[in-house]
Amino acid sequence: MDKKLRALYQHLKERGLSEEQERIILFELEHKSSHAADGKSRGTGEGVSSAQTIYEHNDFELLQAVTALKAPYVSRIRSLDELLERDHQREDDGFPRKIRVGRMIKPGKDSQDKVVVVPTTTEEKLMHDPSFKPPEEDESAGGSGDGDEGEVIGEQPVQEQEGGEGSGPGQGEGGAHEVESSAYDLGKILTEQFELPNLQEKGKKRSLTRYTYDLTDQNRGFGQVLDKKATLRRILKTNISLGNVADADSVDPANFLIAPNDRIYRILSKEKDFESQAMVFFLRDYSGSMDGKPTELVVSQHVLIYSWLLYQYEKQVETRFILHDTEAKEVDDFYTYYNSKVAGGTQVFSAYKLVNEIVSTENLARDYNIYIFHGTDGDDWDTEGEQALVELKQMLTYANRVGVTIAENGYGRSGNTEVEKYLKESGLLTEKPDLLRLDVMQRDASEQRLIEGIKRIIS
Amino acid sequence: MELIDQHTKKIMEGCKERARAAGLRFQDETLEYIVTNRDLIELSPKVMIPTLYDYWVQDVEVLKEKGRYELYPGNPYETVINTRPAISFYNDNNPDWLNVMIFYHVLGHIDFFQNNLYFRHTWEYDFTGQALSDKRMIAALRAEKGRWVDYVIEFSRGIDNLVGFHRELSPFFQPEVDGWSKMIDYYFDVFLQEGAKQSVNRYVKEIERFNECTKKYGDMAEQTFFTEIHQKYPEFITLFQKSLEEKKSSGVDLLRFLMEESAFLNKEDNKWMLSVMEVIRNTSLYFQPQIRTKIMNEGWASYWHETLFLQDDRIQGHEANFAKTNAGVTAMPRVGLNPYALGMRLFYHLEDAANRGQYSFDFQRIKDTRQRKEYNAATDKGREFIFSIRENLSDFNFVNTFIDQDFVSKNKLFVAGKRLNPQRMAWQYYVKSRKARDYKQMVIESLYHPPDLRIELRPENNTLYLNHLFEGKPLIREYIANTLIGVGFLWGGRVQLETSEVAAQPPRPRQDPMGGPSRRAGEDQPEPKISWQRVLYTMENKQVTKKRID
């Protein structure tokens, strides 16, 4: 794998690379790690625990070994709806909203559409920023024991710390303080509370394996409801053929002969339901440069989009998950999609190509509304997008919407990522604004910003 | 919640006797409750005060990655609360020996609450009783005014860290003076020292002149004294008047100021808001000393549970268990600050040093290291000394006064630095400094310290002008806008906040946290020095704007 990447790098280098591009490529090359799904590996750095501040110590924990408990949210009095209603009221009263339906992603391995809603809020005060430190200073904490000044007493892998602090996806804020809610409910909340747009009804409706039961079929002799008009017609027919109707101008129904078989009933029957359904492709760049925040942003946004589509399509949504670095692969469930660690280089076209292949081999374009959402940090070794653009154009021929989210990793200059550049230069964004959307956000984007981004991508 | 059983209560009473004999002083009555997990879930958002007012935010998880303890001075998992009688909480399956240890710890806290002068304002009433009536009042108001009660709670809590704790405390310790006026105070304390910039010699002469006037003219002394001054400094009287006005507006904290001066709050229809604000303010004031004495309080309690447990004749056979639990509480961590360990060691250090008479003038005069080390006046005043410290100091002056090189060296303390090693892709902890000065500074930096805002009234548009006295740390930027909207609601008009922020740097590639190839040898760019600029936030009609001022 590594050799292959190196060869690719050499090849790209021969074609000419700017210094910036080379830097990023080299960075990803040297970023040695694998895509293994995040487990709960927690090593200790030679007895160095993460430093605690004075005020984090408390009697209960230290003396009675009672750890900080969190209430299961369900035991609380207020429901999510109530909270959101209160929040809505705030806006009417002219105050900014306070509830954030934050950090809601924790897909389990088996239950795909379970997400966890953690209503959170902040209490804002005028106070000193404890995270601030002058750039020239190292972080410092207290310590005790042996060691000369300058001596290193322990270390802690960078990756692990980021994971442990919850910036890596899938970890951190779990706890019991949460509402398990289905993604469908979240979609409803997003649509109603955050005013995400409703989808416009697509022209073509496709059949599903879903049925409704209706009194549409007719049956002679028995059934649920007597169809009087049809029965009368049947009786008339029988009587004509029996010669019981002498004069067509003066018919006396009292003289009709009625056979039991002439009664026509409506009978409950299975009907195929016709409704739109959607196939959503989620594409995630899991190359080395996506480490930390960008991944978190992309995955959070994808959960939100997924939830919203689920609501819009009345649960008739199928999802496919594709991860890519220089090569793309499809994974089975959201869990793997969400928890795979970043590593390797970046080639966007590989993912697009895989989507095109899946769509054509499974003939999906005929049966589905196809949505494709791609999250990346905007780096691409294919700097001109030569291959990616070809595949993208192909995608646009069948997709209802292709949304590209760029979460900048902050290594390069803002607003100047490869993907953003070549998308803009290709003119596709202006040519087909209703098919292709782009959203670029900074690495420190808030949840509010994420939702705004979704609006931009899907409206 | 139910009370502990009679057997355990008896153990507690035994602990009280032994603690009293050792010199601790506290009220007779205490209440001990068994708490279940369920109780704790309800208690922790109410910072262990069972009768605290209800507020919807208590039901929501509050994001706390940013300065949890800057936000709430109260600790959500305190074992004992400072009420009358003091209430403490216990797990129901603690073995007896552990309860003995915890009881001593709790008694240490109670002694601290009831004797440390920073808690002076909480001595005269029972907070839980007060809180219960406040809770009922807020519930009654909520029935009448609905969600507006919660808005007032929210906005008041938004500034409840600016309650002027020390100003509230100072009337308790006003020395009884009589005989001279504010004008004399102003003349000697401010005018001569700041305004007229006199030499020390001249200052002393003025004092002499004043003393002479007092002797000669008795009641007329001041008048005579100032006649000369009015001639010499005609501007004096105007400056004095001005200072009185200034003092009026800067003499109170923001919450109190709003309650007194806001035209909006003092409208007949809005007067009920004042009582809600008063509740928030009192609650905050009640918790203030707790966070300002964390190291001392825990250190003191740990000192006593260790000392008294080891002397207790009732629990023989559990020394090993005790040692294990006690080490968990009071061991110095390799990296990190443990207030129990630090405070306890400092108390031991002080006791030892005072026993040898090292807090005396004679000792301070000795320069020779060897002599200093061997100095022992055998005064046996150690206990007495630490008792007076627990009475008179708070964390800041405790740390600032008593962390010295002897203490740091003896306990092998150091300031640990954390830096990135790009080659190994790891954060490295290293010994940054073993100097007492640096260690002290590091501890002080980590202490609770709310920002200092000066309140000014600007006549244009009835503006409330908050001037942040910058101390090298910026305010949390994303909290500013919403807080100002809250203040604006309570003020009923325009609010401005002047503060310092880091000036925007010209864009440059961010240092990538992985230490990738961007940092090649010879390419190290020096980090640009941080530059500060004053900015002015203006909140008007619920819109917040920001502009630079220089």
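**Notes on a predicted two-chain model**

1. Let's start inside chain B. The largest nonpolar core has 125 residues, and the members touching the most others are B:Tyr104, B:Leu107, B:Val276 and B:Trp304. A nonpolar core here is a set of buried Ala, Val, Leu, Ile, Met, Phe, Trp, Tyr and Cys residues joined through C-beta atoms within 7 Å. Buried means that 20 or more other C-beta atoms lie within 10 Å of the residue's own; 12 or fewer makes it exposed, anything in between partly exposed, and C-beta atoms are placed from the backbone. Helix H4 (residues 96-115) of chain B gives this core its largest share, twelve residues. Domain 2 (331-445) and domain 3 (452-509 + 528-549) of chain B each supply at least three residues; such bounds come from an automatic or database domain assignment.

2. Before going on, please note that this is a predicted model: local features need pLDDT of at least 70, side-chain atom pairs count only at pLDDT 80 or more, and totals for chains, interfaces and linings use all residues. Residues are numbered from 1 along each chain as its sequence is written, while chains are lettered from A and ligands numbered from 1 in the order in which they are written.

3. What does B:Tyr104 touch? Not counting residues up to four places away in sequence, its partners are B:Cys15, B:Ala19, B:Trp304, B:His305, B:Leu308 and B:Phe309. Contact means C-beta atoms, placed from the backbone, within 7 Å.

4. Now look at two helices of chain B. The axes of H16(B) (residues 339-355) and H19(B) come within 7 Å and cross at roughly 135°. H16(B) is therefore oblique to H19(B), as angles under 35 degrees count as roughly parallel, over 145 as roughly antiparallel, 65 to 115 as roughly perpendicular and the rest as oblique. Among the residues making the contact are B:Phe347 and B:Leu350 of H16(B), and B:Phe385 and B:Ile386 of H19(B).

5. B:Asn376 is exposed because 11 other C-beta atoms lie within 10 Å.

6. Chain A contains 15 helices and 14 strands; these are DSSP runs numbered from the N terminus, helices (H or I) of at least four residues and strands (E) of at least two. Of its 459 residues, 38% are buried.

7. Finally, visit A:Pro96, in the loop between helix H4 (80-92) and strand S1 (100-102) of chain A. A:Pro96 counts as partly exposed because it has 13 C-beta neighbours inside 10 Å. Leaving aside neighbours within four places in sequence, A:Pro96 is in contact with B:Asn482 and B:Ile485.

Notes:
Contact = placed C-beta atoms within 7 Å. Axes fitted to C-alpha atoms, helices over the stretch in contact; angles between N-to-C directions.
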